Amino acid sequence: MPDDKKSSVDEVLKREKLTKEFEKEKRISEQKAIEQAAAKLSSQSQLNSEPTKTSKFITNIDIAFSQAKADLRYYFLNDGNFADEFKRLFVENESIFKRYGITSQKYLEYVRESFDRYKKIHDMMPLEPMKPKHFKYVEDSISELVRMFNQRFGK
C-alpha cells in the first residue's frame, strides 16, 4: 500500500517564494513612490524659485500621499487641492498624531474611512468626487479625533 500523501514541503516552498516576490514588488513600488515624490518636490521647488518654509527633504506624509494617490481607494485625493489640505491638517496635528502612534498611513486610512462614512450617510455613489462640503465633514471628523485624543489622553 503506497503512501500517496502530498508533501507540504512543496506548498511551503511555493508560499515562501511568493512571499519573497511580494516583498520585492512592495519594495520596488515603495521606491517608485519615493522617486515620484522626490521628482514632484524637485519640480515644485524649480517652479517656486522663492524660498519657502517647507523643508527640502521628503517626509513620511509625502511618501504616504504619493502611494495613496496611486491607490483607487483614495481617488478623491486627485481631485482639486484636497490632498494639500489633508497634508496641512496632518502637519498641524503631527505632534499629537506622533504622540499617539498614528502614522501618515493610518491618518490617510482614517480620512478615507471618514469620507466613506459621509458617502454612506448621504447615499452617494462609490466613486463620487469630493466637494468642499464633503471635505468640511472629513475635516471636522479629524478635528473631533484630535479633540477626543486630547480629552481622553491629554495633559
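User: What percentage of the 155 residues of the protein chain count as buried, and what makes a residue buried?

Analyst: This is a predicted model, in which local features need pLDDT of at least 70, side-chain atom pairs count only at pLDDT 80 or more, and totals for chains, interfaces and linings use all residues. Residues are numbered from 1 along each chain as its sequence is written, and side-chain values use heavy atoms, with hydrogens and water left out. Buried means under 20% relative accessible area, exposed means over 50%, and partly exposed lies in between (1.4 Å probe, protein chains only). Of the 155 residues of the protein chain, 27% count as buried.

User: Which secondary structure does the protein chain have?

Analyst: There are 6 helices and 0 strands, in the sequence pattern α-α-α-α-α-α. These elements are DSSP runs numbered from the N terminus: helices are H or I with at least four residues, and strands are E with at least two.

User: Why is Ala83 called buried?

Analyst: Ala83 has a relative accessible area of 3%, and is therefore buried. Its place is in helix H3 (residues 82–92). Leaving aside residues up to four places away in sequence, Ala83 touches Phe65, Lys69 and Leu77; contact here means heavy atoms within 4.5 Å. The C-alpha atoms of Ala83 and Ser66, which are 17 residues apart along the chain, are separated by 9.8 Å.

User: What makes H2 and H3 roughly antiparallel to each other?

Analyst: The axes of H2 and H3 come within 11 Å and cross at roughly 150°. Axes are lines fitted to C-alpha atoms, for helices over the stretch in contact, and the angles run from 0 to 180 degrees between N-to-C directions. Angles under 35 degrees count as roughly parallel, over 145 as roughly antiparallel, 65 to 115 as roughly perpendicular, and the rest as oblique. H2 and H3 are therefore roughly antiparallel. The contact is formed by Ile61, Asp62, Phe65 and Lys69 of H2 with Ala83, Phe86, Lys87 and Phe90 of H3. By class, these residues are 5 nonpolar, no polar and 3 charged. In this classification Ala, Val, Leu, Ile, Met, Phe, Trp, Tyr, Cys and Pro count as nonpolar, Asp, Glu, Lys and Arg as charged, and the others, Gly among them, as polar.

User: Why is H2 called oblique to H5?

Analyst: Helix H2 (residues 60–70) and helix H5 (residues 104–121) have axes that come within 9 Å and cross at roughly 45°. H2 is therefore oblique to H5. Asn60, Ile61, Ala64, Phe65, Gln67 and Ala68 of H2 make the contact with Ser104, Gln105, Tyr107 and Leu108 of H5. That contact has 6 nonpolar, 4 polar and no charged residues.

User: What makes H5 and H6 oblique to each other?

Analyst: The axes of H5 and helix H6 (residues 132–153) come within 9 Å and cross at roughly 125°. H5 and H6 are therefore oblique. Among the residues in contact are Tyr107, Tyr110 and Phe115 of H5, and His134, Tyr137 and Leu145 of H6. By class, the contact has 10 nonpolar, 3 polar and 2 charged residues.

User: How do you know that Ser29 is partly exposed?

Analyst: Ser29 has 41% relative accessibility, so Ser29 counts as partly exposed. The residue is found in helix H1 (residues 8–47). Between the C-alpha atoms of Ser29 and Gln67, 38 residues apart along the chain, the separation is 8.4 Å.

User: Why does Leu127 count as exposed, and which residues does Leu127 touch?

Analyst: Leu127 counts as exposed because its relative accessibility is 55%. Its contacts, not counting residues up to four places away in sequence, are with Leu72 and Tyr75. Leu127 lies in the loop between H5 and H6. Its C-alpha atom is separated by 8.9 Å from that of Arg73, 54 residues apart along the chain.

User: What phi does Asp123 have, and why does Asp123 count as exposed?

Analyst: Asp123 has a positive phi of about 50° although it is not a glycine. Most residues other than glycine have a negative phi. Asp123 is placed in the loop between H5 and H6. At 70% relative accessibility, Asp123 therefore counts as exposed.
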